[in-house]
Amino acid sequence: MRILGVDLGEVRQTDGFTCGPTTALVAAALLDEAYAAALDRTPEGLAREQHRLHRAANTVWPRRLGTTPAGVAALISAHGVPYRWRRFRRGDALDDVAEAVGRRLPVALLVGRVIPRHWLLLVEHPQPDTYHLFDPSSGRLREVGVDALRSHRMSPGFPRAYALVVPRG
């Protein structure tokens, strides 16, 4: 898979708990050429890196509960661009997201139904009403409409956005 010109191999989460580390891995590879070049793109190498990142992000938080927004922000920030997390609110203007993605800076997105359950990565904004996002569960890019994202109608499985991990400033 290539995202923004970076060959990531066949990257996808290895289990039901590594969507956050996989999202951070892809974001880091997009931000840091040296990190991307050093990645072992074999399935085993990508799995090792996901689990290494999961341990690094979750020093106190139980790994079986996924990765916190602060943990994902810290993992991505380690690659030259400081990131922070913020809550997502229905009707969010997403100005900071559009600006970041327009500058080729990925934005992590925590989604769910009743509770936060899954991390995604917004990587492109090809049209004013559409984002392309990386879904670590499938290892594929897909489209999401800006209106669907703002109004919590993204997909039947995880329609609601809870948090964003965006570049600082």
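Biologist: Which residue in β7 does Leu-133 stand opposite?

Modeller: Arg-142 in β7 stands opposite Leu-133. This is a predicted model, where local features need pLDDT of at least 70 and side-chain atom pairs count only at pLDDT 80 or more, while totals for chains, interfaces and linings use all residues. Residues are numbered from 1 along each chain as its sequence is written, and side-chain values use heavy atoms, leaving out hydrogens and water.

Start with β6, residues 130–135. Six bridges join β6 to β7, and the two run antiparallel. (Strands pair if DSSP finds at least two bridges between them; strands are DSSP runs of E, at least two residues, and helices are runs of H or I, at least four, numbered from the N terminus.)

Now widen the view. Six strands form an open sheet, in the order β3-β8-β4-β5-β6-β7, with antiparallel pairing. β3 (83–87) and β7 (140–145) stand at the edges. Each has a single partner strand, so one side of each is left without a neighbour in the sheet. On average, neighbouring strands are turned by 35° against each other, direction ignored.

Helices pack here too. α4, residues 69–77, touches β3, β4 (107–112), β5 (116–127) and β8 (160–167). Contact means heavy atoms within 4.5 Å. The direction of α4 makes about 155° with that of β3. Such angles run from 0 to 180 degrees between N-to-C directions, with axes fitted to C-alpha atoms, for helices over the stretch in contact. α5, residues 95–102, lies across β3, β4, β5, β6 and β8. Its course is at about 60° to β5.
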